[in-house]
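Welcome! Open your viewer, get your selection tool ready, and let us walk through this model one stop at a time.

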Amino acid sequence: MSIVLGAIADDFTGATDLANNLVRAGMRCVQVIGVPPHDLALEDVDAVVVALKSRSTPAPQAVTDSLAALAWLQAHGTHQIFFKYCSTFDSTDQGNIGPVSDALLERLGGRQTVMVPAFPLNRRTVYQGHLFVGDRLLNDSGMEHHPLNPMCDADLVRVLSRQTSHSVGLVSHEVEAQGSRAVREHLDHLAGQGVRHVICDTLDEADLEILAGAIVDYPLVTGGSGLGQALPVEYRRQGWLQDVTDAGRLAPAEGAPLVLSGSCSRATLAQVEHFLASHPGYELDPLALAEDNGQLEDALAFARTHLQDADNDGPVLIYASTTPERVKQAQKALGTEAAGRLVEDAMASLARTLVQEGVGRLLVAGGETSGAVVSALNIQQLRIGHQIDPGVPWTQAPIAGRAAPLSLALKSGNFGEIDFFTRAFEVLK
Ligand code: ADP
């Protein structure tokens with residue numbers, strides 16, 4: 001098998017975001033969780049996105065993990081490697097965008113790579129090397145207060161120069177306005193001067209297409225998921241992609257529908273409330289879970305009753321989602337980490353048991369909650385299906401002991417419209 005695009009993503013939801021864009025642009029795609037075993041059975045796909053947790057780890061660890069992902073992708077025969085990071089260039093002076101790009105490029109033997117973080121659809125643009133979020137410069141967008149990687153400088157040439165010993169250049173919008181060939185000539189000129197990393201201006205989708213045309217033969221490209229929208233067009237032009245009518249087609253979904261929500265983000269709270277107005281739900285409380293007073297067994301019994309009820313073929317919700325005040329209360333009583341862990345462990349255990357008992361369509365709300373469920377179910381790969389709402393596709397995962405794959409949607413906190421928990425299951429039909 002040969003993979004056209006092999007992506008190494010520095011976090012889980014970023015990986016899904018890219019995978020979702022690739023499918024929408026017509027590539028069949030699988031997301032793998034961490035570096036998979038060498039003999040992982042893969043379906044016939046055009047793209048593989050390896051989801052790492054390397055955004056905020058120490059740079060040497062991020063480099064080691066990224067090189068391991070690269071080795072796996074190379075062993076499976078990959079045309080182009082894509083290092084995917086956040087559209088707000090989340091990093092610090094120590095890394096990890098510079099060190100990881102340096103290491104990947106060196107291992108691939110390339111002389112130059114590009115940095116294309118922009119995602120114009122989400123109003124992340126780059127002009128004269130400066131990153132904008134909407135109409136604000138990056139350092140005035142709220143990102144300057146990020147707890148892990150505060151972004152206090154919008155000049156990406158300068159930002160990246162602090163993360164690498166190699167020289168960093170720019171392809172400006174003026175050059176892009178002259179088309180892909182002019183961009184390539186400029187890149188070659190910079191390469192001749194020893195410029196290894198090139199920040200690329202991007203104002204709109206047209207700029208992404210022009211860039212994709214100039215770099216389709218680069219062994220390594222880097223950027224946000226916006227570039228993932230533009231590359232497939234070029235791959236098709238090169239004749240690298242098979243003609244498939246529906247890249248997001250999954251096997252028919254089988255099994256009962258369940259929603260598990262451990263997200264307390266504002267969008268999720270509205271989705272929970274909307275769902276409960278017309279569907280059954282059971283609320284978990286970390287304080288009760290801590291007392292071990294049988295709440296988990298109660299929740300299981302509740303889910304079983306509803307899922308076995310022949311008159312009810314709609315989804316059932318089990319949730320710990322609650323207001324910021326009640327979250328704080330639980331955190332004060334139990335400690336923030338312990339409260340979170342109690343809820344995550346409960347969700348993981350519910351998922352394990354209920355999937356064994358016949359749940360086949362599972363929606364999980366919450367990034368950390370999703371991580372806990374995915375690892376409880378021992379999931380190594382997700383085939384990416386159709387989008388429910390921007391950034392959140394249905395996926396399918398093979399599960400040991402189940403004939404049909406599990407249909408799984410993993411929604412991070414603030415994603416999705418208010419009717420997400422019900423509409424998701426409609427989309428699947
Ligand atoms: P999001 O994507 O919205 O940030 P996450 O699942 O990533 O959601 O994070 C939510 C965290 O809050 C998880 O660790 C979860 O276990 C925890 N949590 C959920 N419900 C409660 C609650 N009622 N009290 C305290 N912590 C909670």
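Which domains does the domain assignment of the chain give? Colour residues 5-238 as domain 1 and residues 256-428 as domain 2, and you have the assignment on your screen. Keep in mind as you look around that this is a predicted model.

**Stop 1: the two domains together**

Show both domains in their two colours. Their centres, taken over C-alpha atoms, are separated by 32 Å. Now select the residues where they meet: domain 1 brings 21 residues to the contact, and domain 2 brings 14 residues.

How much area is buried between domain 1 and domain 2? The value is about 1,500 Å², and carbon and sulfur atoms give 56% of that. The size of an interface is often given as the accessible area lost when the parts come together.

**Stop 2: across the interface**

Stay at the boundary and look for polar partners. Between domain 1 and domain 2, seven residue pairs are in polar contact, both residues having pLDDT of 80 or more. Which elements give two or more residues to the side of domain 1 that touches domain 2? Select helix 1 (12-24) and strand 2 (29-33) to see them. Helix 1 gives the most to this side, with eight residues. If you colour that side of domain 1 by class, you will find twelve nonpolar, four polar and five charged residues.

**Stop 3: a salt bridge**

Next, select E43 and R383 and show their side chains. These two side chains meet in a salt bridge, with N and O 2.7 Å apart. Across the interface of domain 1 and domain 2, one salt bridge is found, while a search of the whole structure finds 20. Where do the two partners, E43 and R383, lie along the chain? E43 is in the loop between strand 2 and strand 3 (47-51) and R383 is in strand 16 (residues 381-389), so this pair ties together parts that are 340 residues apart in sequence.

**Stop 4: the ligand**

- E344: a polar side-chain atom lies 2.5 Å from an oxygen atom of the ligand.
- E368: a backbone N or O atom lies 2.7 Å from an oxygen atom of the ligand.
- G340: a polar backbone atom is 2.9 Å from an oxygen atom of the ligand.

**Stop 5: a loop with backbone details**

For the last stop, select the loop between strand 4 (78-84) and helix 3 (97-108), where N96 has its place. Is the peptide bond from G95 to N96 cis or trans? This bond is cis, with omega near 10°. F89 is in the loop between strand 4 and helix 3 too. Check the backbone angles of F89: phi is near 55°, a positive value in a residue other than glycine.

Conventions:
Residues numbered from 1 in each chain as written. Predicted model: local features only at pLDDT ≥ 70, side-chain atom pairs only at ≥ 80, totals over all residues. Heavy atoms only, no water. Domains from an automatic or database assignment. Contact = heavy atoms within 4.5 Å. Buried area = accessible area lost by both parts, 1.4 Å probe. Salt bridge = Lys/Arg side-chain N within 4 Å of Asp/Glu carboxyl O. Polar contact = N/O pair within 3.5 Å; in protein donor to acceptor, adjacent residues only side chain to side chain. Helix = DSSP H or I, 4+ residues; strand = E, 2+ residues; numbered from the N terminus. Nonpolar A, V, L, I, M, F, W, Y, C, P; charged D, E, K, R; others polar.
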